Amino acid sequence: DLDAEAAELGKVEDEIWDLNRDLHVMIGDIQKLNETAMQARIQKEQLYSRQKDVELKMLAAQINPHFLYNTLENIRMMASINHQKDIADMALTLTKYLRSVLDVSGEYKTLAWEMRMVESYIKIQNYRFGDRITAEILYSKELAEQYMIIPFVLQPFVENAYVHAMEDMEAD
């Protein structure tokens, strides 16, 4: 019974008193472990749900990822042959971004990985919007390698910033 209350044992601190105290410390530890395990399961389910959403969207669009990668690679090569560095760079950035989106499994990624995805997203948007919007990302790359997070947590915030910034610009 993890809801057991500490027995009133008086002021004598004997073996029974020690066992009672240790029992309640252990109950507290078990409760903390149960909470941690529950949070981990919730996060895993959320990640699994996001992955399934991406897979469903890809199926709904009937896009074969390898076909898409090969097409983008052809665009990149054609752009390189014709000395169109910006187009080649954008195709490469988009390919890397899409591979990352599609290759996300049920595992955590480093914050540094997430920031690279955000940087790729911003780079693609910079090609789209030119100098109408500027973004600067400042963070410690060394520290970002140390933290594990659910993939694609930050990108929706960045995307919303772009969407709402463009809405505000169009309204002016």
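Reply: The account below begins with the core and then turns to its surroundings.

This is a predicted model, in which local features need pLDDT of at least 70 and side-chain atom pairs count only at pLDDT 80 or more, while totals for chains, interfaces and linings use all residues. Residues are numbered from 1 along each chain as its sequence is written, and side-chain values use heavy atoms, with hydrogens and water left out.

A nonpolar core is here a set of buried Ala, Val, Leu, Ile, Met, Phe, Trp, Tyr and Cys residues joined through side-chain atoms within 4.5 Å. Buried means under 20% relative accessible area, exposed over 50%, and partly exposed in between (1.4 Å probe, protein chains only). The largest such core has 13 residues, and Y97, V158 and Y162 touch the most other members. Helices α4 (111–129) and α6 (155–171) each supply at least two residues of this core, and α4 gives the most, with seven. Helices (H or I, at least four residues) and strands (E, at least two) are DSSP runs, numbered from the N terminus.

Y97 is one of the buried residues of α3, which also include A88, D89, A91, T93, T95 and S100. Apart from neighbours within four places in sequence, Y97 is in contact (heavy atoms within 4.5 Å) with M117, S120, Y121, I124, F152 and Q155.

F152, one of these partners of Y97, lies in the loop between β2 (148–149) and α6. Its phi is near 60°, a positive value in a residue other than glycine. Most residues other than glycine have a negative phi. F152 is buried, with a relative accessible area of 9%.

F152 is also in contact with E114, a residue of helix α4. E114 is buried yet has no salt bridge, and R50, the nearest side chain of opposite charge, is 6.5 Å away. A salt bridge requires a side-chain nitrogen of Lys or Arg within 4 Å of a carboxyl oxygen of Asp or Glu; Lys and Arg count as positive and Asp and Glu as negative, while His and the chain ends are not counted. A polar atom of the E114 side chain does, however, lie 2.7 Å from the backbone nitrogen of L154.

Technical notes:
Polar contact = N/O pair within 3.5 Å; in protein donor to acceptor, adjacent residues only side chain to side chain.
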